[in-house]
Amino acid sequence: MRTALVLLFLLALAAIPGSLIPQQKVDASAVAAFRSAHPSLAPWFDRLGMFSVYTSPWFSAVYLLLMVSLIGCFIPRLRLYAKATRARPPKAPRNLARFSSFDSYVTDATPGDVSERARSLLSAQRRRVDVYEDGSGGVVVAAEKGYLREAGNLVFHFAVLVVLVGLAITSLYGFKGGVAVVQGESFSNTLIQYDDFSPGGRFRSSQLAPFSFKVDTFSAAYKPTEPGRGTPLHFDAGLTVRDQPGATPYRYDLRVNHPLQVDGTSVFLVGHGYAPVITVRDGKGNIAYSGPVVFLPLDGTFTSYGVVKAPDAQPTQLGLEGYFFPTGAVDQTNHPVSIFPGLGNPVISFVAYHGNLGLDSGVPQSVYVLDKKHLKTYDRANGRPKVLLLKVGDSARLKDGSVRFDGVRPWVKLQISHSPGKLVPLSGVLLAIAGLLGSLFIRPRRTWVRATPGAGGTLVEIAVLDRASGGNPDDHVDQVSSTLQAGEDSA
């Protein structure tokens, strides 16, 4: 039990980084933003598995050890409990008066009559009762209740095993993926459409439900005044959904904690951001890139980071790295900042690069990272990189082309998952609660009534022992004593 408790505590500690650090399977864009903001720390986090805590070897080791420990704890206790369910109430101690919950009185009734009334009373209270002679002419009634308390403990341990097994099943046969979809664009539930996809070991891509949807609208509202200016009020995405190719489309209002359910697959709204619409022309005047670019939010005011790559530009490839400010302003150091998460005065700041983007090397690149190994900036006269600061509709000339900021479209971050057998861990949680309640509120209690003949009549002694704290055995002693005496008076 001690080992299981230590492992459970370690599992709770191990889960903390997964709550504080963005996870690859939950929000790949947030991970990319973290890498960009912490270039020296991110490699160490990669080595330690901090971006995939729940699938890391050290977390899995604690998880499996806890499961083994619970099994090793459950089976021996189950045997002991099976033996305890057949046990009889223990014999009465020789000196009942040493118990703190004790009462006695003298009656004219015989020991046999007292014991019979005590047996009937305690049996009616659903206690296990034994009656025997103590060897000195007296009769003892021993009763015990609360055998189900240990059953509650065992049910709780078994339920934890059910939860662990259920989570393993859902992870093995399900999947979880993420995708950022710009307003006005569509998504089809195929493998190539995902930004990140983490299948279970037993899941096959052929099992993906053939649904699709288009993000027609997205709206977000923020508190406009102090206190709490900029606090999110609501997020709402309007979708047009087809459950399968050729099916009749229907509208769905996707909100936080209101997922779309299609054929066992759930689509959750987990984030959003802005996609500036950029047009890049090369040195020959041709359009090398045109369209929305997903920028990753970095803070609560939605200052966002992103890159634009134009590998088809001539005579040299072009790349842009910059920040987007939805409500742009200038701080005291004359640097652009965003003062509100809503679109009030959209401004974008770019540093332009030219050279080889490294896309032809065959090594995959993140769309959120610009490989500057073979790139050069367009320098100003003072030797510093040229910074392009553009509002909507503005354009800037480059030596090898031009850049135009055409507008802004919102994008939504969607988590798409399939969790077969998710009722198994849910049932385990409910079972664990039931077992925990039983172990907390069922109180094992032993009661002894001894009737001993004497010169002045029969001495009746009543003692109660609670095997768990929090009860009130004195009330039970008084209740048994008064009931027995009342029965003798009526007799």
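Predicted model: local features only at pLDDT ≥ 70, side-chain atom pairs only at ≥ 80, totals over all residues.
Visitor: Which residues touch the most other members in the largest nonpolar core?

Guide: Ile278, Leu320, Ile348, Phe350 and Val403 do. That core holds 25 residues.

Visitor: Which strands each supply at least two residues of this core?

Guide: β11 (265-282), β14 (304-310), β15 (317-325) and β18 (347-355) are among them. So are β20 (387-391), β21 (395-398) and β22 (401-418).

Visitor: Take Val403. What is Val403 in contact with, leaving aside neighbours within four places in sequence?

Guide: Its contacts include Ile278, Leu320 and Phe350. Val403 also touches Thr279, Leu388, Leu390, Asp394, Ser395, Ala396 and Leu398.

Visitor: New topic, rings. How many aromatic pairs does the count come to?

Guide: The count is 23 aromatic pairs. One of them joins Phe175 and Tyr194.

Visitor: Why is the pair of Phe175 and Tyr194 edge-to-face?

Guide: The planes stand at 85°. Over 60 degrees counts as edge-to-face, so the pair falls in that class. The ring centres are 6.3 Å apart.

Visitor: Where do Phe175 and Tyr194 lie?

Guide: Phe175 is in strand β4 (residues 175-182). Tyr194 is in the loop between β5 (186-188) and β6 (196-199). The two parts are 19 residues apart in sequence, so the pair ties them together.

Visitor: What about Phe197 and Phe203, what kind of aromatic pair do they form?

Guide: A tilted one. The centres are 6.4 Å apart, with 50° between the planes. Phe197 is partly exposed at 22% relative accessibility, while Phe203 is buried at 5%.

Visitor: Which residues form one aromatic cluster?

Guide: Phe175, Phe187, Tyr194, Phe197, Phe203, Phe211 and Phe213.

Visitor: Ser198 next. Where is its place, and what is Ser198 in contact with?

Guide: Ser198 sits in strand β6. Leaving aside neighbours within four places in sequence, Ser198 contacts Lys25, Phe175 and Lys176. Ser198 counts as buried, because 18% relative accessibility is under the 20% limit.

Visitor: Last one, charges over rings. What sits over the ring of Trp44?

Guide: The charged end of Arg47, 4.7 Å from the ring centre. Arg98 lies over the face of Phe99, at 4.8 Å from the ring centre.

Conventions: Residues numbered from 1 in each chain as written. Heavy atoms only, no water. Core = buried A, V, L, I, M, F, W, Y, C linked by side-chain atoms within 4.5 Å. Buried < 20%, exposed > 50% of the residue type's maximum accessible area, 1.4 Å probe, protein only. Helix = DSSP H or I, 4+ residues; strand = E, 2+ residues; numbered from the N terminus. Contact = heavy atoms within 4.5 Å. Phe/Tyr/Trp six-rings, centres within 6.5 Å; stacked < 30°, edge-to-face > 60°. Lys NZ or Arg CZ within 6 Å of the ring centre and 35° of its normal.
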